[in-house]
Amino acid sequence: MSHSDRLKRCRDTFRQLTGITPASFDQLLVQLQPRYQQEQDRRQDRPGRRRRPGAGRKHILPLADRLLMLLIYYRTYVTHAFLGFLFGVDDSAVGRNINPLQPLLAGVFRIPERRVELTREDVRELFFDATERPTRRPKRRQRAYYSGKKKRHTLKTQVVAARRRKKSGPGAKPRRVRIAAVSATFAGKCHDKKVYDRTRVRCPPGVRRTGDTGYVGTALETPTKRPPQGRLSARQKAGNRRVSRRRIVVEHAIGKMKVWRIAAERYRNPLRRHTLIMKNVAGLHNLMFS
């Protein structure tokens with residue numbers, strides 16, 4: 001019996017270790033299998049390959065167990081040595097098992113960086129917010145990655161959350177929040193407004209867009225900032241509370257993304273994979289919560 005089949009017997013434990021349900025895992029596996037086979041055919045038939053197609057060492061674990069290993073890694077963010085111990089492989093083989101699946105998983109979720117692929121009829125409002133997470137001190141450009149707010153080296157990502165329109169009629173599901181876009185990775189010192197200006201997110205026309213005070217000066221609707229050595233009026237404070245009540249959904253969305261600890265704890269992977277990992281985590285969020 002494979003590791004995935006044995007773990008599916010305990011539904012609660014499966015979700016605690018992966019962040020998704022067994023039914024969602026099976027759905028994800030079905031979508032991943034043709035992409036994996038297509039990638040294998042492309043790799044084996046590439047020009048200049050000396051071995052015959054199908055030659056070489058094979059993976060000990062089936063695709064389902066490799067996907068399970070990747071999801072456990074995203075959910076718990078444990079070391080490769082611990083994952084190797086769980087699945088009965090060497091820690092050096094963990095990367096060879098899970099790294100090829102990450103871009104394929106991104107192809108399944110298709111989370112954009114700039115273009116919000118939702119129509120005006122589907123989305124009611126878009127909310128922008130940036131999230132920071134600590135990282136190791138880089139060897140180069142240390143000052144650029146040092147966040148004065150967090151007092152440490154960080155990475156910043158902009159998240160666009162969409163509140164969908166509630167469908168009318170009997171049996172209509174409650175309105176949920178979906179991650180519509182995840183930006184590329186920026187250094188922690190970069191301001192939220194500068195991240196917004198550089199990403200240039202393309203939104204459906206006529207859709208309301210809201211951000212926090214970090215986006216003052218953009219086209220987004222933002223709360224009113226208190227002027228230097230000044231005070232806000234009661235009307236301005238009431239307006240800020242209304243904006244905060246609406247945009248709390250993006251805070252909840254980012255909080256649910258951080259259920260997968262790889263999006264919350266100090267980042268230990270190569271910097272070039274950070275955007276890919278955050279997109280996959282956003283796709284897992286949409287799979288479970290939207």
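Axes are lines fitted to C-alpha atoms, for helices over the stretch in contact, and angles run from 0 to 180 degrees between N-to-C directions. This is a predicted model: local features need pLDDT of at least 70, side-chain atom pairs count only at pLDDT 80 or more, and totals for chains, interfaces and linings use all residues. Residues are numbered from 1 along each chain as its sequence is written, and side-chain values use heavy atoms, with hydrogens and water left out.

**Exercise 1. Describe the packing of helix 4 and helix 6.**

Solution. 
- Step 1: Helices (H or I, at least four residues) and strands (E, at least two) are DSSP runs, numbered from the N terminus. Helix 4 covers residues 63–76, and helix 6 covers residues 91–98.
- Step 2: Take the geometry. Two packed helices are described by the angle between their axes and the distance between the axes. Here the axes come within 9 Å and cross at roughly 105°.
- Step 3: Classify. Helix 4 is therefore roughly perpendicular to helix 6. The classes are: under 35 degrees roughly parallel, over 145 roughly antiparallel, 65 to 115 roughly perpendicular, and the rest oblique.
- Step 4: List the contact (heavy atoms within 4.5 Å). Helix 4 contributes R66, M69, L70 and Y73, while helix 6 contributes V94, R96, N97 and I98.
- Step 5: Sort by class. The contact of helix 4 with helix 6 has five nonpolar, one polar and two charged residues. Ala, Val, Leu, Ile, Met, Phe, Trp, Tyr, Cys and Pro count as nonpolar, Asp, Glu, Lys and Arg as charged, and the others, Gly among them, as polar.

**Exercise 2. Find the buried residues of helix 6 and what covers them.**

Solution. 
- Step 1: Set the cut-offs. Buried means under 20% relative accessible area, exposed over 50%, and partly exposed in between (1.4 Å probe, protein chains only).
- Step 2: Apply them. In helix 6, the residues A93, V94, G95, N97 and I98 are buried.
- Step 3: Look at the cover. It includes helix 4, helix 5 and helix 7 (101–109).

**Exercise 3. Trace the surroundings of S4 and E132.**

Solution. 
- Step 1: List its partners. Not counting residues up to four places away in sequence, S4 touches F14, F25, A64, D65 and L68.
- Step 2: Look for polar contacts. A polar contact is a pair of N or O atoms within 3.5 Å; within protein, one must be able to donate a hydrogen and the other to accept it, and residues adjacent in sequence count only if both atoms are side-chain atoms. The side chains of S4 and S2 make one at 3.2 Å.
- Step 3: Pair its side chain. E132 makes polar contacts with the side chains of S147 (3.0 Å) and T154 (2.7 Å).

**Exercise 4. Characterise the aromatic pair Y196 and Y215.**

Solution. 
- Step 1: Rings of Phe, Tyr and Trp (its six-membered ring) pair if their centres lie within 6.5 Å; planes under 30 degrees apart count as stacked, over 60 as edge-to-face and the rest as tilted.
- Step 2: Search. The whole structure holds six aromatic pairs.
- Step 3: Classify. Y196 and Y215 are edge-to-face, 5.9 Å centre to centre with 85° between the planes.
- Step 4: Y196 lies in helix 9 and Y215 in the loop between strand 6 and helix 10 (234–257), so the pair ties together parts that are 19 residues apart in sequence.
- Step 5: Check burial. Y196 is buried at 11%, and Y215 is buried at 0%.
- Step 6: Extend. F128, Y196 and Y215 form one aromatic cluster.
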